[in-house]
Amino acid sequence: MAVAGEFALTCNQMVIRKSSFVSGRSSNLLGGPVQSQKVCFNAWKLKESKAGRLRVNAVTQMEVGTAEDLWSLKGLEKESTLGFDLVSEEELRMKGFMGLRKTKLVCTIGPACCSLEELEKLAQGGMNVARLNMCHNTREWHLDVIRKIKKLNDKGYSVAVMIDTQGSQIHVVDHGAPSSVKAEDGTIWHFATEKFEGYRPLTVKANHEGFSEGIEIGDEIVIDGGMATFEVIEKIGNDLRCKCTDSGLMLPRAKLSFWRDGKLVARNNDLPTISSEDWSDIELGISEGVDFVALSFVKNAEAIKHLKHYLSTNSSKSVKVLAKIECVEALQKLEEIVEASNGIMIARGDLGVEIPLEQIPTVQENIIEVCRQQNKPVIVASQLLESMIEYPTPTRAEVADISEAVRQYADALMLSGESAIGSHGQKALSVLRTTSSRMESWSREESMQASLNQSKLGTSLSDQVAEQICNCAAEMANNLGLDAIFVYTRHGQMATLLSRNRPNPPIFAFTSDNSTRMALNLQWGVTPLLVDLTDDMEANVEKTTGLIKAKGLINEGDTVLIVSDIIPSPASQTLFQSIQVKTVV
Ligand SMILES: Nc1ncnc2c1ncn2[C@@H]1O[C@H](COP(=O)(O)OP(=O)(O)OP(=O)(O)O)[C@@H](O)[C@H]1O
Ligand SMILES: CC(=O)C(=O)O
Ligand SMILES: [K+]
Ligand SMILES: [Mg+2]
């Protein structure tokens, strides 16, 4: 059964010229049954030139009741605003749909970029997430930075805030100098935990009482994964006397790892994944409304589950928990950690201390693949542009490393020291931007996403339907050369399922939940937009499209694919879990 009708109703800037529908029997995937007594409108005319092969049966219609219902949409639109962040809006205006960058950017905030002006420059440069490493600086300093970022967001930016916990590593707390000290070959150093007063050359204080437990004479202490190396020559109680065997710099919070016969000494040092200091930092994060907590040195899923539970009962807003993969134990339990967390950071800095460096590239590729299969965002972190801490241009190898992470379809790239303490933070951010944009367009040209295998995720029928809809929608959008994908989502699930397919057009995720909007800041290819949504999908589409069109960001003839996971109230007649293709008229 197919019924068609002609209508011309003005809805703000949109003209509904034509309506027609086919029975929902044609495809259960694309929508539920259509009730015969109701008039169903297809609010947009399909553009024949661009989507020539498209027939109305590729489109799910929405029931909107009577013509009067359509008129009422006009009233709705008048009072709405669209939370488009300044940077995406500008990028879209300048470069068009395909010019929107897909790979998200995380910047570590430190003394080099903590003023409001510097933070704003990073936001303008495309920073999607600001990372605060709680290992460094004071709580007051972090608080001040978080508040500055909120201030920028009030101005129209959309920068999510991540706190990164100190975790349970053993590191230097005092080496007797305000900044770095040089360890010379053959010099003797004293590693202790006792507090000492004043400056005593060749003494180092570590943070953990039992740091030397299980360590034997002849073992090696490696500083920051190879900055300097010492050999243990004597044990005095818990203290270690060591000889420098490989000279180098020791930074203020240099990390210690212990090696025997060329292998990392596996140590059960009983340090909790979340220390009491970390809990205080997490409290600060909750009270300041941060968006992400990244847990350092995660060893299994337990700490992740515990923190998620804690946050869900103690935080009024949704805070996402990211697991940092930076030790051997995490690699051994990768699947369960990825499953338990809301996202992953491949913390290559510490990981490179624990596993041979030559294993990092394959481990990275594997972690990214597991994350995509489990539909969790993944950040590639550390040393992406290390040379730019000092120099204004990157090495060729660094550009190749970034390109490889983008080719592997990581969700996000991260700057560490480059932005925190470097002299060229904004330039480094611009290298991330241009390098990722270039690789993204190459991947599109080569249809690289065609080789992605997607595992089945959902167990319930409705989850499986959502997943299949997103897989089909992404394929349709690519095959039809559509301009954009619109997704209407409360918790972001549909947006992430679309993103997982790494489609060519950008994904505009409309949500009325600000936590969802901020969480989607880490998701590949998704531009989150804050807007009031109702259960009436047709009204949502009309309103949001009208608002974007009013800004001049979408034009007549542009084709968009629309999917939704807004579950309407039982009384509502709208269909959900649908795919529509529309042409802006
Ligand atoms: N808030 C800060 N204040 C001062 N210095 C910082 C701050 N954040 C980072 N830095 C500096 O930037 C460098 C790189 O930052 P990053 O966060 O990668 O450090 P890291 O200690 O190696 O990371 P992690 O401890 O998470 O493995 C740090 O070694 C530190 O010197
Ligand atoms: C980011 C981080 O913690 C690391 O690379 O070790
Ligand atoms: K940290
Ligand atoms: Mg680390």
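Predicted model: local features only at pLDDT ≥ 70, side-chain atom pairs only at ≥ 80, totals over all residues.

For E326, I found 3.0 Å between an N or O atom of the side chain and an oxygen atom of ligand 2. For S382, the corresponding distance from a side-chain N or O atom to an oxygen atom of ligand 2 is 2.4 Å.

I then looked up the burial of ligand 2. Taken alone, ligand 2 exposes 220 Å², and the protein buries 91% of that.

Next I listed what surrounds ligand 2: R131, K324, E326, M345, A347, R348, G349, D350, S382 and M414. By type, I noted five charged, three nonpolar and two polar residues in this shell.

Which elements give two or more residues to the shell around ligand 2? I found strand 20 (343–347) and helix 9 (348–354). Helix 9 supplies the largest share, three residues.

I turned to the helix pair. The axes of helix 3 (residues 116–124) and helix 13 (residues 425–445) come within 10 Å and cross at roughly 10°. Angles under 35 degrees count as roughly parallel, so I recorded helix 3 as roughly parallel to helix 13.

On the helix 3 side, the contact is made by E118, K121 and L122; on the helix 13 side, by G425, Q426 and L429. I sorted the residues of this contact into two charged, two polar and two nonpolar.

Technical notes:
Residues numbered from 1 in each chain as written. Chains lettered and ligands numbered in written order. Heavy atoms only, no water. Axes fitted to C-alpha atoms, helices over the stretch in contact; angles between N-to-C directions. Helix = DSSP H or I, 4+ residues; strand = E, 2+ residues; numbered from the N terminus. Parallel < 35°, antiparallel > 145°, perpendicular 65-115°, else oblique. Contact = heavy atoms within 4.5 Å. Nonpolar A, V, L, I, M, F, W, Y, C, P; charged D, E, K, R; others polar. Near = heavy atom within 4 Å. Polar contact = N/O pair within 3.5 Å; in protein donor to acceptor, adjacent residues only side chain to side chain. Areas by Shrake-Rupley, 256 points an atom, 1.4 Å probe, with all protein chains shown as cover.
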